[in-house]
Amino acid sequence: MGPGWQPWTGLERRSNHIPVKLSALVLLVYLTFRILFSGFVVLLPVPELPAVAVDRSDSREVAVGVVSDAKPRKDKCNLFTGEWIPNPSGPAYTNESCRFIESPQNCMKNGRLDMGYLFWRWKPHGCDVPPFNAQKFMDVMRNKTWALIGDSILRNHAQSLICLLSKAEDAVEIYHDEQYKSRTWRFPSHNFTISLIWSPFLIKAEIFENDDGESKSENRLHLDTLDDNWASQYTSFDYMVVSGGQWFLKTAVYMENNTVVGCHYCPKLNLSELGYEYAYSKTLNLVFHFVTTSEHKPIVIYRTWAPDHFEYGEWFSGGVCNRTAPYKAGEFDGREVDHVMRKIELEEFNRAVALDGTENVAHLKLLDTFQLSLLRPDAHSGPYRRFHPFEKDKNAKVQNDCLHWCLPGAIDSWNDLIMKLILDE
């Protein structure tokens, strides 16, 4: 055997055939599978994309007001779910810079010393609400007419709006009724008007109660007839803010077709107890039906129930509201009546939106201020609904107002939200 001898020649040659045989085997297997499973689709590998977190919780359009308590999707913002955070810059106006604050809401003038309630702002989860921009609002609302329709809380709300707008232009009052419950202001250089219309029930009502809550008879409510004070002017408004609720808790006799059908809390009258829930639901159904079926289509904003914060009693039995800071989320859930009334509002509002089913639904919006208001027990007038209530006796027993709000104060955030709703539209 010489140097050219290759001891494993036979094995090497056999191993050279192995790749060929393997290739043939693979091809045979492939053809077999192709024949047997020709109906299947071959899926080719797809390049891997970066992972994206998907929030599948329910969030609905704030514009039409269908509100969910669930966490909103990242591309949406529920303006009405959030928290109050410190605001070192303080309020947009003071009781000295705004001359439109009525005495029961002018807490600073009436002697309130703690000012902490002025230094908070509403922060929705996942987004922000810019502070009210009076000049921008005025420019958008040039030649427009607004109406704010409801009870004394709506009047409180209107004062806040007028005060915020007065930073851009001073309002001129051009009308008031005998009791100053309905009023109209005009901003001349913008030809912009705001009307406050007193309509505590939103429907036709015969009211037998004075300003101190004393009644000489039961109120009589016509559940099938709107209050003409606002309905007759409906076609003249471009924007409307509507709210109700608190007056429905009072004793009342209910009428339909000018016939008594029942009452709420009237044991001496031998009438069927229908309850305030029945009357409130019927009323809102009537209001929303009128709005959605009318040929005139103003922007109609419905503001939800405003909770009170009486503790240790009611307004007539020594209830007070002497807290000095907002509640944190979950710290206070409100009373049962709060949730009953808000549930009725959401049901009737959503029913109106669903039944309308047209492009006109964009004209009906929900301003759900319930949660943000629920967290502010510190922002009410309390004993300072009257001028220096403890001046003569620091231990005096004073009737508190834990329903209406100090101005400036937490209620100004309602107008921040209105501006956000309107300008985003």
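**Sheet, disulfides and cores of the predicted model**

Helix H5 (residues 275-293) lies across E7, E8, strand E10 (252-256) and E11, at about 30° to E8. Helices (H or I, at least four residues) and strands (E, at least two) are DSSP runs numbered from the N terminus. Angles run from 0 to 180 degrees between N-to-C directions, and axes are lines fitted to C-alpha atoms, for helices over the stretch in contact. Contact means heavy atoms within 4.5 Å. The model is predicted: local features need pLDDT of at least 70, side-chain atom pairs count only at pLDDT 80 or more, and totals for chains, interfaces and linings use all residues. Residues are numbered from 1 along each chain as its sequence is written, and side-chain values use heavy atoms, with hydrogens and water left out.

The four strands under discussion form an open sheet with mixed pairing, in the order E7-E8-E10-E11. Two strands pair if DSSP finds at least two bridges between them. Strand E7 (203-206) and strand E11 (259-264) stand at the edges. Each has a single partner strand, so one side of each is left without a neighbour in the sheet. From one strand to the next, the twist averages 30°. E7 pairs with strand E8 (residues 219-226) in the antiparallel sense, over three bridges. Here Ala205 stands opposite Leu221 in E8.

Five disulfides are present in the structure. A disulfide is taken as a pair of cysteine sulfur atoms within 2.5 Å. Counting bonded cysteines along the chain, the pattern is 1-4, 2-5, 3-10, 6-7, 8-9.

Buried means under 20% relative accessible area, exposed over 50%, and partly exposed in between (1.4 Å probe, protein chains only). Cys98 has 2% relative accessibility and therefore counts as buried. Cys163, at 0%, also counts as buried.

Another disulfide joins Cys107 and Cys406, whose sulfur atoms are 2.0 Å apart. This link is left-handed, with -90° about the S-S bond. Its cysteines are 299 residues apart, in distant parts of the chain. Cys107 is in the loop between E1 and E2, while Cys406 is in the loop between strand E15 (401-405) and helix H8 (412-424). Both Cys107 and Cys406 are buried.

Cys321 and Cys402 are also bonded, with sulfur atoms 2.2 Å apart. Their S-S torsion is about -90°, so the disulfide is left-handed. The pair spans 81 residues and links distant parts of the chain. Cys321 sits in the loop between strand E12 (299-303) and helix H6 (336-356), and Cys402 in strand E15. Both Cys321 and Cys402 are buried.

A nonpolar core is a set of buried Ala, Val, Leu, Ile, Met, Phe, Trp, Tyr and Cys residues joined through side-chain atoms within 4.5 Å. The largest has 52 residues. Trp146, Leu165, Phe192 and Ile194 have the most contacts inside it. H3 supplies the largest share of this core, eight residues. Beyond its neighbours within four places in sequence, Phe192 is in contact with Phe137, Met138, Met141, Lys144, Trp146, Leu165, Trp185, Arg186 and Phe187. A second, separate core has 41 residues, including Phe201, Trp247, Val337 and Phe370.
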